[in-house]
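I kept each entry to what I could read off directly.

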Amino acid sequence: QGLWLRCIEGAKRRWLLGVAAPQLAFLACLSLRAGGHATMEDNIAEEIKGKTGPELFRELLRQLPLVNAEDYCKNGVWQNELMKLDIQILAAHRLEAGAPDPPPLSEVKMPELPAVSKQMAVPPLQLPGGMRPPLNSMGRPA
């Protein structure tokens, strides 16, 4: 039941953030049942534990080969929590659908990752409470 609740919360969060394909995440959640997923959840969590950035993106590519790096790397900052959530949703959906196991990680080919300038690699300014400062016409804090 914990995976189900996390899945629903993740779908809501993706929808609120306006991230691509929130319907897909929600539909994947609808197919889950409350029991039997604890072992899979533990296995996936263990596989991705401690991974970040391109290494975590490779795990995501393993689950969904058509994923685009630009969706998970914004302004040079990898969205690790979002990737972890999507990996768990995709793995749960794959298990529920009875799909074959994903290919081994050694067979996953990394695409050309977007080049990031040092100026873009700085995380965006965030104020207390999760608010961001208003931007001027140049896309910088006013």
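Leaving aside its neighbours within four places in sequence, with which residues is Arg-62 in contact? I kept in mind throughout that the model is a predicted one. Once those neighbours were set aside, I found Arg-62 in contact with Glu-47, Arg-94, Pro-102, Pro-103, Pro-104, Leu-105 and Val-108. For Pro-103 I also looked up the atoms involved, and the side chain of Arg-62 reaches the backbone oxygen of that proline at 2.7 Å.

I then asked where Arg-62 is placed, and found it in helix α4, which covers residues 53–63.

Next I went through the rest of α4. The buried residues there are Gly-53, Leu-56, Phe-57, Glu-59, Leu-60, Leu-61, Arg-62 and Gln-63. That makes eight of the 11 residues of α4, so I noted the helix as largely enclosed by the rest of the structure.

How do α4 and α5 lie relative to each other, parallel or perpendicular? The axes of α4 and helix α5, residues 80–97, come within 9 Å and cross at roughly 20°. Angles under 35 degrees count as roughly parallel, and I therefore recorded the two helices as roughly parallel to each other. I noted the crossing of α4 and α5 as left-handed. On the α4 side the contact is made by Gly-53, Leu-56, Phe-57, Glu-59, Leu-60, Arg-62 and Gln-63, while α5 contributes Asn-80, Met-83, Lys-84, Asp-86, Ile-87, Leu-90, Ala-91 and Arg-94. Sorted by class, this contact of α4 with α5 has seven nonpolar, three polar and five charged residues.

I moved on to Asp-71, which lies in the loop between α4 and β1, the latter being residues 73–74. With a relative accessible area of 32%, Asp-71 is partly exposed.

My last entry concerns Asn-75, in the loop between β1 and β2, where β2 is residues 77–78. Its phi is positive, at about 55°, although Asn-75 is not a glycine. I wrote beside this that most residues other than glycine have a negative phi. Asn-75 counts as partly exposed, at 44% relative accessibility.

How values were computed
Residues are numbered from 1 along each chain as its sequence is written. This is a predicted model: local features need pLDDT of at least 70, side-chain atom pairs count only at pLDDT 80 or more; totals for chains, interfaces and linings use all residues. Side-chain values use heavy atoms; hydrogens and water are left out. Helices (H or I, at least four residues) and strands (E, at least two) are DSSP runs, numbered from the N terminus. A polar contact is a pair of N or O atoms within 3.5 Å; within protein, one must be able to donate a hydrogen and the other to accept it, and residues adjacent in sequence count only if both atoms are side-chain atoms. Contact means heavy atoms within 4.5 Å. Buried means under 20% relative accessible area, exposed over 50%, partly exposed in between (1.4 Å probe, protein chains only). Axes are lines fitted to C-alpha atoms, for helices over the stretch in contact, and angles run from 0 to 180 degrees between N-to-C directions. Angles under 35 degrees count as roughly parallel, over 145 as roughly antiparallel, 65 to 115 as roughly perpendicular and the rest as oblique. A crossing is left-handed if the near helix is turned anticlockwise from the far one by less than a right angle, and right-handed if clockwise. Ala, Val, Leu, Ile, Met, Phe, Trp, Tyr, Cys and Pro count as nonpolar, Asp, Glu, Lys and Arg as charged, and the others, Gly among them, as polar.
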